[in-house]
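Here is a walk through one protein model. Keep the structure open and follow each stop in turn.

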Amino acid sequence: MPSHWEKIITIQYWRPLLLAHLLFLSPTNTVVSAFTLTMGLLKVGVPQPWEKSKKNLNYVREAGVRQFISTYNRVKDLKGDELLWGDEIEYGIFVLDHQNKKIRLSLRAKEIMDNLNKNEASHSYESEGCNWVPEYGAWMVEATPRRPYNGYSVDLLRVERNMRLRRKRILTELNENEIAPTVSAFPLLGALGDDGSVPPVPVGGPVTESEYIGDGIINPHPRFAALSANIRQRRGEKVNIRVPLFHDVNTPEYADLPGLPPSTCCGEESILLWRFGKGDLSREKYGNGFVIVGCSSSSREFNDFGDPVTLQKWLVNVECEGCKGLFYRSAPGVIVPDADWPRNGDVVVGSEIPDVPGWIRLQNGYYLPMNSDDGEVKFLHKVSSETHANNQQKKALGSETPMYKGSVGNINDVPDLKKALETAVSSLSDEHKTFNDEAKMFNLRPAIHMDAMAFGMGCCCLQITFQATDVDESRFLYDQLAVLAPIMMALTASTPVLKGRLADTDCRWGIISECVDDRRPAERGRKGGPDPDPEVAGKGYRRLYKSRYDSISTYIYQGVSSDDGQMNNRILNMYNDIPVPIDEDKYLELRKAGIDPLLSQHIAHIFVRDPLVIFDGAVEEVDDDTQTEHFESIQSTNWQSVRWKPPPPRTGPNDPHIGWRTEFRSMEIQLTDFENAAFTTFITLITRVILTFDLNLYIPLSRVDANMQRAHGRNAALNGKFFFRRHMAPLEKGDDGFDEQYASMFSTVNGNGNKGTLPTVFSGDNLSAIETNTGASVSSWEGVSEKRRVAPNASGGAEENSYEEMTMAEIMTGKGDYFPGLIPLVYAYLDHIQCDSVTMDRMTNYLDFIEKRATGQLQTPATWVRNFIRNHEDYNFDSIVSDSIAYDLMIACKEIGEGTRAAPELLGDVVIKPILASDAYQTKLDSTRVVSNDHIRSLLQRYAARKTKFDESAVEFQI
């Protein structure tokens, strides 16, 4: 078998670009092999080893930005694309040993995939089909619909039909002792030594150097091995994954930790928080066998060092006669005169620039000096994170409802600004004390340790990609779906077992985040590590707060551009409240090219990463004006909860048109096609609800990150609470007889016709902006409402932009008279479009199922799997999943998915129609002449036998 580093003929496989082609082929296009869709080319070459590729890292980063600028300028004005969308599902293939009750990985995925694609080609005449592509593991395949779903309601019915077709077709290629259930993770991966697969492979190898798995279970395509090796080498050590171990009554690891009760360390009112990607401190102190966790009982979330997750706040107070504020700078020293500048008393959110002392970078992409040039006048004053300003266009983080009221209140209302400043700074010191005190609440827990990319990238999931009508809609959907990402992950949780142990978490996301974390110690905020390296991004010393697989770090929509340029310098300072490391040079290059601040920030942020795979013959040979290979090499390895996708280049006149897309990536795979289809159609309908009803889900990104941590918690869908926006639509004015007061537009839905009031908000809170900036009236700008134009800028008052903790049931079904719930909104939308009765019936089944899961009437797959294991006769309540338990579990998952086993705890009264391999392909009405008379006679005899039996039963009935 040739080495991965030997020269072979290979296809350069860029997964996100490939998926784009697969999902958005026009229905009129003929079937195209997945392997011809990559760049329109077959490449001859191999991935460069890390030390060789390092010399090309800087070129690829610079060329990637040039390619984005070229692409953006070419396609930025594309408008009017129709809704096209599609899902992708990943399957694991496993071998059963019935005699010994064991289950192992089947490393036949490539053979199975090749056979499936051959069969697809020979059945291209069928209206429904599938595309099969490789995945990271040699036991995994990924499938998508051959043609995309379109924007008509009847296509919602295609989803489950196509998912069932995929399951039928993969069954046709399995051996008698193989199964392919839709499970998130193989429960025994890394727990079986050399006996973990068929054929067996030895543990370890030069790619992963793992103590638990062998290189042989990685997909043989050289890109995947190169990814694994280069992540390890860039990091300077093996990846380190530590997941909290479930505490059962006999779990041996807890025997030496007295005082920790089984089940939970956080009490009944909160859930355990695993701070994935932030575990260096606990590893340094306690080794690989432990991890520090927190609890969700506090209104703040903390990282592993006890630090708050938000950026620093600064009070603007220019202490000179006649001075009223500061101009923004597009770069240190470069004034932006046409932007609405911050006045004295405003609070801005940003971070100091390590390489440029005396300057802070704001989350709207601008800069502010901390002092005058001579250092004599101080402009910015560091204040508590709970300090709020009253300027509505630059409202500081958070709401001023009683739950989140600031410690200083409205600074502009305080006559003595100096006194207010002293109070805010005093609160800052108290706040740090509080952080340190609350950090003591952290708990040390035994951990499940893993050390290779396969543990994360070997997980299967459900993802959806949507084509938007234009670039603005794609960016707006990116922001809205980012808020939903942790909510939907918790609702679809299905990963409670890892490396043969029960975990104290339910989701895969953090595992993948840590399995591809290539950050060096300094980038993770630790001391030591290698010296600065000029060849890698940021010399390996730029502080990077997240793994390259994580939730997003910046919203990217800033309003619809207009002819007069009023939107070009809009401010987004309220919601982007977490650090966004950027490549400053790339940011300035993008701004000079005319890219707006938020999008420049997004691109400069993903380009703080290095490309992980560079192929020989594909460096300077790539044309930056017509190709996007280097951009995609970095874009496709920034695995965030939502991915924004520009249109790929068309290499020929017959290439399909592909528009601006947004990919939703957080959901976990479900056991049945009914469940997967329910969640796929639900998210699709939610995007239509948001756009049609002109809704806004924005909350600060620090709260989205907090939700992401909470979503991992055991049974978080039932027991957890998540931050969510209180008012998805603008508040409406009313009158209480004394002063104007504002109420939710949904408050009349309670049936009594009376509008509820929100006593925390009055016209004295300067909500006048609602009339002009957030009304639902439609402007002349391409039919986009004024509310949408300014949505991310947080117009309006504190209550309108407030958020609170809600249960999953409240998010889905509603809360009070101000929050209607997502499911009722979907019903309202279906009624609004006059959905046909057949589709409506199926959507009602899906929505009823989702509501029952959200309210706890039905279990998540994670809860079902955990209960199955704990109720198994071979389980010893020690958090260990044995061979026999895994064997029975995976057979049960297979049977549920194929409709041969009922699962009322998961599905309620939903019955899954059995799935048969014999139904995988359509049967042709063949007219080829039968040449054997004997064959005809045998068919007739069988028919005659059936007729005789029917006649006998009929006679008995007559008697």
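A residue counts as buried when its relative accessible area is under 20%. By that cut-off, helix 15 (residues 701-711) is mostly covered: eleven of its eleven residues are buried. The model is a predicted one.

Start with the whole chain. The protein has 959 residues, and 62% of them are buried. It holds 25 helices and 31 strands. Take the contacts between residues at least 6 apart in sequence: 75% of these join residues at least 24 apart.

Return to helix 15. Its buried residues include charged side chains, among them Arg703, Asp705 and Arg710. Leu701, Val704 and Met708 are also on the buried list. What do the buried residues of helix 15 pack against? Three helices take part: helix 9 (471-491), helix 10 (509-515) and helix 16 (716-719). Strand 11 (272-274), strand 28 (721-725) and strand 31 (803-807) take part as well.

Next comes helix 22 (residues 861-870). Eight of its ten residues are buried, so the helix is largely enclosed by the rest of the structure. The buried set is Pro861, Ala862, Thr863, Trp864, Val865, Arg866, Phe868 and Ile869. These residues pack against helix 14 (673-692), helix 21 (837-854), helix 23 (883-897) and helix 24 (904-907). They also pack against strand 22 (497-498) and strand 23 (501-502).

Helix 21 leads onward. Helix 4 (residues 156-172) packs with helix 21 at an angle of about 65°, and their axes are 9 Å apart. On the helix 4 side, the contact uses Leu156, Leu157 and Glu160. On the helix 21 side, it uses Val838, Thr839, Arg842, Met843 and Tyr846. By class, this contact has five nonpolar, one polar and two charged residues.

Helix 21 also takes part in an aromatic pair. The model has 28 aromatic pairs. Phenylalanine 674 lies in helix 14 and phenylalanine 849 in helix 21, so the pair ties together parts that are 175 residues apart in sequence. Both phenylalanine 674 and phenylalanine 849 are buried.

Other rings gather elsewhere. Phe68, Tyr72, Phe607, Phe631, Trp644 and Trp660 form one aromatic cluster. Tyrosine 818 has a charge over its face: arginine 726 lies there, at 4.5 Å from the ring centre.

Now look at helix 2 (residues 50-75), where asparagine 56 lies. Is asparagine 56 buried or exposed? Asparagine 56 counts as buried, because its relative accessibility is 18% and the cut-off is under 20%. Leaving aside residues up to four places away in sequence, asparagine 56 touches Gln48, Ile614 and Val619.

Finish with the cysteines. How many disulfides does the model have? The count is zero. Cysteine 460 is in no disulfide. The nearest cysteine sulfur belongs to cysteine 459 and is 7.5 Å away, whereas a disulfide needs the two sulfur atoms within 2.5 Å. Cysteine 460 is buried, with a relative accessible area of 2%. Cysteine 507 also counts as buried, at 0% relative accessibility.

Definitions and conventions:
Residues numbered from 1 in each chain as written. Predicted model: local features only at pLDDT ≥ 70, side-chain atom pairs only at ≥ 80, totals over all residues. Heavy atoms only, no water. Buried < 20%, exposed > 50% of the residue type's maximum accessible area, 1.4 Å probe, protein only. Helix = DSSP H or I, 4+ residues; strand = E, 2+ residues; numbered from the N terminus. Contact = heavy atoms within 4.5 Å. Axes fitted to C-alpha atoms, helices over the stretch in contact; angles between N-to-C directions. Phe/Tyr/Trp six-rings, centres within 6.5 Å; stacked < 30°, edge-to-face > 60°. Lys NZ or Arg CZ within 6 Å of the ring centre and 35° of its normal.
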